[in-house]
Amino acid sequence: MREISGRVTKYFVEHGERHGLSRDSFVEGTGVTVEHLTNDDGRIDWDIFVEVTRRLGRICDTSEKWAELGKKFGATPTAGTMAAVLRIIATPRGAARWIARFGGVRLFGNMRTTVRDVEKTLHVTITIAPGYQSCPEFFYMCRGGFMAIPTVMGAPEIPVDLVIDGNVGRYVLDFTALERPGWRREVIANWWASAKTRLGSRGKVLENYERQELLLEARYVELEKAKKRIEAQQEMLQLVHEITAATHENLRLSQALEVIGYQIHTRLQFDAVEVHVKARQDGVMVDQRVHAGAAFRDGIRHQQKLVFRDVELGVIEVCRTKQEISAADKELLALVVESVALSVQNAVAYEVIASYRNDLEQKVATRTSELAEAREQLERSLESRNQFFSNVNHDLRSPLMAMLLVIQRIAQNPNLNADAKRSLEQAQANAQRMKDLVEDLLSLASGSEGKRVEMVQVDAATMLEHIGNALRPVAESKNLELKIEVEPGLVFDANAKQIERAYSNLADNALKYTDAGSVTLRASAHDDGVVLAVTDTGPGIPKDYVEKVFNRFVQVPRAKASPGAGIGLALVREIAIQNGGNVGLESEVGRGSTFFIRLPKKSGGLRKRVEPKVQTLQFDASKPSTKAERLFPTSVKLLICEDDPGLAQQLSDFFTENGLEVTRAANGEEALEIAAKKPPALLLTDIDLGTGIDGLELCRRFRALPNHHNAAAIVLTADTRRQLVTALDAGAVDFLRKPVNLNELAARVRAQLAYRRLAMRLLESEKMAAHASALTGLAHELRNPLNGLINAVAPLKELISVGDDTRTANDLLDVIEECGRRVASLAHQLLNYSPDQAVPNERVPVVEIVSQAVKVIRPKVNDRRLTTTIRYQGSILGSSEQLSQIVINLLDNAAYAAGPGGLISVATELEGDNVVVEVSDSGPGIEPELQERVFEPFFTTKAAGEGVGLGLAISRDIARRHSGDLVIRPGRPFAMRLTLPRVADEIAGA
């Protein structure tokens, strides 16, 4: 509701502008525009009016200034028009009564005014409706307006007293000076006295006018009395209406009684009011009491019963201490009480309903609390069960994996005889059977029933074909016909891994118990679902077991014994239920059986987009692990964190035998300590590590260690409740469940190491490219002034006069020339550092590369011993200049490391299809932790001023652009190895 007229705020803005306030200062932060604030026909909210008033307070900072503002508002055109009308029909007192009672309603919609006429004064009460914030400035401004009302009638100002009580302002307007007889005559006489000097001979007109004025004044007095009576009646009706409307808006009894007490206290001007409701309805007793105003003291009291339809609801008691309670007051109070009785009755009924509702809510809350407690107990029980099975899971899978690793490693021995191989095959088969049994048992007992599973869209034909291909060798070994029947285009929603496992169990059972005939894998649509069935021509199942076979640990009696624990079909049923389906069986003894799984086509479970399958690296790890056939030809550091000592030992032995440098840790804290000292290339960790941090937290902290951003982490787990996404979020790059096959584990490790090498190369290439871009520009800037400096030295020497200091001057010029040449050499080196430079396809003999390098470097190493051994004299493809630059850089570094009297050796040899140029020296070598960093641009181990750290970075870049590499060979003597592919036709002719 918009309570305030724009005429008031427009006057505020204009007054503020006249005293130096900008228009924008009134609207800033209020959400309204200046145009809206100054619109005569617009209205604004009370809260905005209060804010505008406070901003005007910067210049109206006292109550007297606000009163002056109120006086001036009476001179506005709107007030002037009203005054002209009132001057004709009313006295100043009557005009004040009318303006106070009705004039402000047009401007202030949230204002309620009562007027009592007592002798020669008017008692005016202005009340701001409940809920609106206080604004004392508003009451000060109204006081000035009341003082100036007589002035618009041609009379002097009157004194006005003001008392503010919160949102209520009480005014006493004193008309004593204007109520004496003949006051109007004095005003007119004064006016005519000044006019007589101008009118001259019109004195008679004045006398007639004065007589008419006396008659009019008497008529005004009569009209004023009649008007008072009408206004009193109107005020009574208006007051009753407002109180009734206010009480009807409140359904809660306490709120309704507060409004009634407040309205009677403020509107009827009783010093104290108490409203007491005590009534019984529908068996519920309602007893509430509300007090308004001051405390009850000695004074005049009056009670009025609160009755609705002859039912007494309570009583209202009022009190006045300084004034009698007149008959008119009692009449008005009775009228008010009669009007609000309906509202009180409605509030009482609401309290009864609220009482019923509270009782019901209390019962619901009690029941909810009981259910919540029961749920918490159930969750604690489930958590205990899950923790138990998690521990059992870990304790079963870890030793089982260690046993399988031992069997697989023994099977790699090529010297085993036939009996030993058969024994190992039987042991591996039994271990695999035990693994499958553990999988089924833990799946049934892990507490996963009722959990939602993640769904994807499954193609029935693809799934059955995959299962059929896996089982076809078993069918062929038993001379059984394996058929696949699938409706074209049949797809459905399910957890692909679970459904494939359940259907595989059914197909495997059918092949196991069928000795002749066929097994048919079938998928068909049925109603709104899909039926996955397996039909066999086996012995069938007795009727007594048809309803039991899907229960746990139930086995059908067979003519011949067969291994099994009776949990396979129970697992099938659990999986079907989790995927929103069910299972069934149709069988007849001697005529075969049909097991089926019914699933909905569209599931209500969680669905995700089907990701394409990624082909992992495949290789055969069953070959003997000889040094010539290691699975990991490049030796890197591997950190294994496993709390099972036996399994940790087997993993360590396997990877060590296959070329990796392995370090073991028994817990997460120990693994982090090792990784901080010797950063590994790969972390292999179990999730459950007993005490301390688990494998997931280990992955997070491992990846956060300095210089570990490119290190990979592979997670092993025995806990089927763990999800792949959880491990990936922790920073792992791969995820394997125990027990894991050695072939698969080795493939995953080798793939991750390959990815890491590729990432390191890409990172180094990006760094090299960025440095090259900056350095090329720097080199160009250096080369031009240096050439000018060097070219100017020789002519400068010739111009120097012969004298005592000629030799000294020449020495200094020699120094300048040498420094210039050194800087020019650096600029030339920077310009050659370009990773995008094309590699020529020239046939270059290795001997030529080494000879050029030795020829260039020999003058610099006269005080060192330099030996050359050429074991290979073939050719490579590339740039002779660039490759010679590599060897020059290597020889230069070797000379620096060896020092005076040291030994430098350069040798060439052939390793497979690669040509190796090795430069070694007798120096102290490079610390292991710095051996990779020396290839970074601008990193150097030389003393300050001896090098800029670009030689090895440029050399490695050149080698790699020639499809080769530059690495450090550890050990003594320290050596740098340049590896390059030899020419293809030399390989063919070898």
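Search this whole structure, which is a predicted model, and you find 24 salt bridges. Let's start with a lysine that takes part in two of them.

Lys71 pairs with Glu68 through their side chains, with N to O at 3.1 Å. Both sit in helix α5 (residues 63–73), and because they are three residues apart there, about one helical turn separates them. As for cover, Lys71 has a relative accessibility of 17%, so it counts as buried, the cut-off being under 20%. Glu68 is partly exposed at 37%.

The side chain of Lys71 also meets that of Glu157 in a salt bridge, at 3.3 Å from N to O. Glu157 is partly exposed, with 41% relative accessibility.

Next, have a look at Arg301 and Glu317, whose closest N and O atoms are 3.4 Å apart in another salt bridge. Arg301 belongs to strand β9 (residues 300–308) and Glu317 to strand β10 (residues 311–320), so this pair links parts that are 16 residues apart in sequence. Arg301 is partly exposed at 44%, whereas Glu317 is buried at 14%. Elsewhere, salt bridges with shared partners join Glu909, Glu911, Glu918, Arg969 and Arg977 into one network.

Now back to β5, which belongs to an open, antiparallel sheet of four strands in the order β3-β4-β6-β5. β3 (111–118) and β5 (160–165) are the edge strands; each has a single partner, so one side of each lacks a neighbour in the sheet. From one strand to the next, the twist averages 15 degrees. β5 and β6 (residues 168–174) pair over six antiparallel bridges, and Ile164 stands opposite Gly169 in β6.

Helix α12 packs on this sheet, touching β3, β4 (121–128) and β6, and its direction makes about 155 degrees with that of β4. The helix covers residues 253–267 and spans 21 Å from first C-alpha to last, close to the 21 Å expected. Of its 15 residues, 11 are buried, among them Leu253, Leu257, Ile260 and Ile264. Just past the helix, Gln269 takes a positive phi of about 60 degrees.

Zooming out, the protein chain has 28 helices and 30 strands, and 44% of its 990 residues count as buried.

Definitions and conventions: Residues are numbered from 1 along each chain as its sequence is written. This is a predicted model: local features need pLDDT of at least 70, side-chain atom pairs count only at pLDDT 80 or more; totals for chains, interfaces and linings use all residues. Side-chain values use heavy atoms; hydrogens and water are left out. Helices (H or I, at least four residues) and strands (E, at least two) are DSSP runs, numbered from the N terminus. Buried means under 20% relative accessible area, exposed over 50%, partly exposed in between (1.4 Å probe, protein chains only). The expected span of a helix is 1.5 Å times one less than its number of residues. Two strands pair if DSSP finds at least two bridges between them. Axes are lines fitted to C-alpha atoms, for helices over the stretch in contact, and angles run from 0 to 180 degrees between N-to-C directions. Contact means heavy atoms within 4.5 Å. A salt bridge is a side-chain nitrogen of Lys or Arg within 4 Å of a carboxyl oxygen of Asp or Glu.
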